[in-house]
Amino acid sequence: MNKLDTKTRIAILNMLVEGSSMRSISRITGVSINTVTKLLEDAGKACAAFHDTTVVNVSAKDVQCDEIWSFRYSKEKNVASAKAVPEGAGDVWTWTAIDRDSKMILAFEIGDRSAETAREFMFNLASRLANRVQLTTDGHGAYLKAVGDAFAADVEYAMLVKLYGEPAGAKGHERKYSPAECTGAKKEPIFGKPDPSRISTSHVERQNLSMRMGMRRFTRLTNGFSKKLENHLHMLSIYFVHYNFVRMHKSLRMTPAMAAGVTGKLHDMAWMVEVIDAAAPAPKPRGPYKKKGL
């Protein structure tokens, strides 16, 4: 089976994590859209498996969690009236947990904004930590039971509840382009004895902004949204492995994985291609060669 050369695959992966659309990548590289899609699928599966097996037993002090909205096929409010709606269409939420000091993405979950997804996300996070941490989330009610079940109260947990109001001067059609304005915030300790000075979600919110700017699927008011949920998951897996292990953090001057002690090496995109190749199934043996007529 023919396979793209390493240089072309590196170029495609670089464009994916820098926010290029799959169609534009196809045009720039001269590779068919089906080939770009196949690489996205293979890379996504390999990166998801790598994250699951590598980001474990991480020592951290402060962990922040948040959710970021996107949608698949159509927005939730339009699903009922959309034609030929596939299963899973509508709002998609990505839940992320970041180590405040190393800036490493420790865990992520993709789903709705329900208590069930919150529970899966928190159990995922708890399984990757090596020690007791201070955890801060926003005021989303689904976190309360999820954190208690996953950590069994073995955590310093607080909520940062933000208060919002109408943006100043936004009227009429301008309103939809202006998000609600934060007018204040309340720090609410939940479990343990969280340090009030460390109750914050600023770092994870800044990371969510990087996600929205770095992945075409999260860009607002465009047609670059995900058409397939599977491809949405693949892109996120690629993004997080690249962010943790390849992308140099400007203020840390190293990758988040290096800062967290998960790896001692600075990796590059050629390494990501090696990760993909290592996860690829072994080629099936071919049958014995037979000459025609025998």
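**View 1. Leu236 in helix α7 of the predicted model.** Leu236 is buried, its relative accessible area being 0%; the model shown here and in the other views is a predicted one. The residue belongs to helix α7, which spans residues 229-245. Neighbours within four places in sequence aside, Leu236 has contacts with Thr94, Ile110, Met211, Met215 and Phe218. Between the C-alpha atoms of Leu236 and Glu109 the distance is 9.8 Å, although 127 residues separate the two in sequence.

**View 2. The largest nonpolar core.** This core consists of 73 residues. Its largest share, eight residues, is contributed by α7. Val63, Cys65, Met122, Leu125, Leu135, Tyr143 and Phe151 are the members with the most contacts inside the core. For Tyr143, when neighbours within four places in sequence are left aside, the contacts are Cys65, Asp66, Glu67, Trp95, Phe121, Met122, Thr137, Asp138, Tyr157 and Met159.

**View 3. Strands β2 and β3.** Strand β2 (residues 90-99) runs antiparallel to β3, and six bridges join the two. Strand β3 covers residues 105-111 and is largely enclosed by the rest of the structure, because six of its seven residues are buried. Opposite Gly111 of β3 stands Trp93. The ring of Trp93 also has the charged end of Arg113 over it, 4.8 Å from the ring centre. Five residues lie between the strands of the hairpin, where Lys103 has a positive phi near 65°.

**View 4. Aromatic pairs.** Ten aromatic pairs are found in the structure. Phe50 and Trp271 are both buried. The pair of Phe108 and Phe240 is tilted, because the planes are at 35°, with the ring centres 4.5 Å apart. Here too distant parts of the chain are linked: Phe108 is in strand β3 and Phe240 in helix α7, 132 residues apart. Phe108 is buried at a relative accessible area of 12%, and Phe240 counts as buried at 0% relative accessibility. Phe108 and Phe240 also belong to a cluster with Tyr239 and Tyr243, linked by ring pairs.

**View 5. Glu156 in strand β5.** Glu156 lies in strand β5, residues 156-165. Its relative accessibility is 19%, so Glu156 counts as buried; the cut-off for buried is under 20%. A polar atom of the Glu156 side chain is 2.5 Å from the backbone nitrogen of Lys193. Not counting residues up to four places away in sequence, Glu156 touches Arg132, Val133, Gln134, Leu135, Phe191, Gly192, Lys193 and Pro194.

View 6. Helix α2 comprises residues 22-29, of which Met22, Ser24, Ile25 and Ser26 are buried. These buried residues pack against α1 (6-17) and α3 (33-54). Gly30 follows α2 and has a positive phi, near 75°. In helix α9, residues 269-279, the buried residues are Met269, Trp271, Met272, Val273, Val275 and Ile276. The buried residues of α9 pack against α1, α3 and α7. The N-terminal end of α9 is capped by Asp268, with a side-chain oxygen 3.2 Å from the backbone nitrogen of Ala270.

How values were computed: Residues are numbered from 1 along each chain as its sequence is written. This is a predicted model: local features need pLDDT of at least 70, side-chain atom pairs count only at pLDDT 80 or more; totals for chains, interfaces and linings use all residues. Side-chain values use heavy atoms; hydrogens and water are left out. Buried means under 20% relative accessible area, exposed over 50%, partly exposed in between (1.4 Å probe, protein chains only). Helices (H or I, at least four residues) and strands (E, at least two) are DSSP runs, numbered from the N terminus. Contact means heavy atoms within 4.5 Å. A polar contact is a pair of N or O atoms within 3.5 Å; within protein, one must be able to donate a hydrogen and the other to accept it, and residues adjacent in sequence count only if both atoms are side-chain atoms. A nonpolar core is a set of buried Ala, Val, Leu, Ile, Met, Phe, Trp, Tyr and Cys residues joined through side-chain atoms within 4.5 Å. Two strands pair if DSSP finds at least two bridges between them. Rings of Phe, Tyr and Trp (its six-membered ring) pair if their centres lie within 6.5 Å; planes under 30 degrees apart count as stacked, over 60 as edge-to-face and the rest as tilted. A charge sits over a ring if NZ of Lys or CZ of Arg is within 6 Å of the ring centre and within 35 degrees of the ring normal.
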